[in-house]
Amino acid sequence: MEETRQKIVTTIEKLRPYLQHDGGDIEYLGTDENAIVYVAFRGACQGCMMASADFSEGIKLLLLEEVANVKDVVLVG
């Protein structure tokens, strides 16, 4: 489980500079027993019109591709 967590964190760190460039950020909240990852947008990403597209077409897809054990990714908030 720790290896999966580290892969998730590493993948999120790859994305973080792009979000921070526009004044936003992403926070990894955790993974449940069903291998579902929970994340939240912070800063300018909260309430941004493009947030759902950035999440579903970028962050979610990348995590599902890069971390084999992840079954789904949920945006909280």
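Predicted model: local features only at pLDDT ≥ 70, side-chain atom pairs only at ≥ 80, totals over all residues.
**Entry 1: Thr4**

I started with Thr4 and found it in contact with Val67 and Asn69, leaving aside its neighbours within four places in sequence; contact here means heavy atoms within 4.5 Å. Thr4 sits in helix α1, which covers residues 2–21. Helices (H or I, at least four residues) and strands (E, at least two) are DSSP runs, numbered from the N terminus. I noted Thr4 as buried, because its relative accessibility is 11%. Buried means under 20% relative accessible area, exposed over 50%, and partly exposed in between (1.4 Å probe, protein chains only).

Residues are numbered from 1 along each chain as its sequence is written, and side-chain values use heavy atoms, with hydrogens and water left out.

**Entry 2: the sheet**

Next I looked up the strands. Three of them, in the order β1-β2-β3, form an open sheet with mixed pairing. The edge strands are β1 and β3 (72–75), each pairing on one side only. From one strand to the next, the twist averages 30°. Two strands pair if DSSP finds at least two bridges between them. I read that β1 and β2 run antiparallel and are joined by 7 bridges. For one example, I picked Tyr28, whose bridge partner in β2 is Val39.

Then I asked where the helices lie. Helix α1 lies across β1 and β2, running at about 165° to β1. Helix α2 packs on the sheet too, touching β1, β2 and β3, and its direction makes about 150° with that of β3. For these angles, axes are lines fitted to C-alpha atoms, for helices over the stretch in contact, and angles run from 0 to 180 degrees between N-to-C directions.

**Entry 3: the core**

Which residues have the most contacts inside the largest nonpolar core? I found Ile8, Phe41 and Ile59, in a core of 17 residues. At least two residues of this core come from each of α1, β1, β2 and α2. A nonpolar core is a set of buried Ala, Val, Leu, Ile, Met, Phe, Trp, Tyr and Cys residues joined through side-chain atoms within 4.5 Å.

Ile8 belongs to helix α1, and it counts as buried because its relative accessibility is 0%. Leaving aside its neighbours within four places in sequence, Ile8 is in contact with Tyr28, Thr31, Val37, Leu63, Val67 and Val70. The C-alpha atoms of Ile8 and Thr31 are separated by 9.4 Å, and the two residues are 23 apart along the chain.

Phe41 was next on my list. Leaving aside its neighbours within four places in sequence, Phe41 has contacts that include Leu19, Ile26, Phe55, Ile59 and Leu75.

**Entry 4: salt bridges**

How many salt bridges does the structure hold? I noted 7, a salt bridge being a side-chain nitrogen of Lys or Arg within 4 Å of a carboxyl oxygen of Asp or Glu. Side chains of opposite charge can pair when their charged atoms come close.

Glu3 and Lys7 form one of them, at 3.5 Å from N to O. They are 4 residues apart in helix α1, so about one helical turn separates them. Glu3 is exposed at 57% relative accessibility, and Lys7 is partly exposed at 38%.

Lys14 forms a salt bridge with Glu66, with the closest N and O atoms 2.8 Å apart. Lys14 lies in helix α1 and Glu66 in helix α2 (residues 51–66), so this pair ties together parts that are 52 residues apart in sequence. Both Lys14, at 42%, and Glu66, at 37%, count as partly exposed.

Arg16 is buried at 16% relative accessible area, whereas Asp25 is partly exposed at 22%. I also saw that Glu13 joins Arg16 and Asp25 in a network of salt bridges.

**Entry 5: Ala35**

My last stop was Ala35, in the loop between β1 (24–31) and β2 (36–43). Ala35 has a positive phi of about 65°, although it is not a glycine. Most residues other than glycine have a negative phi. Ala35 counts as buried, because its relative accessibility is 19%.
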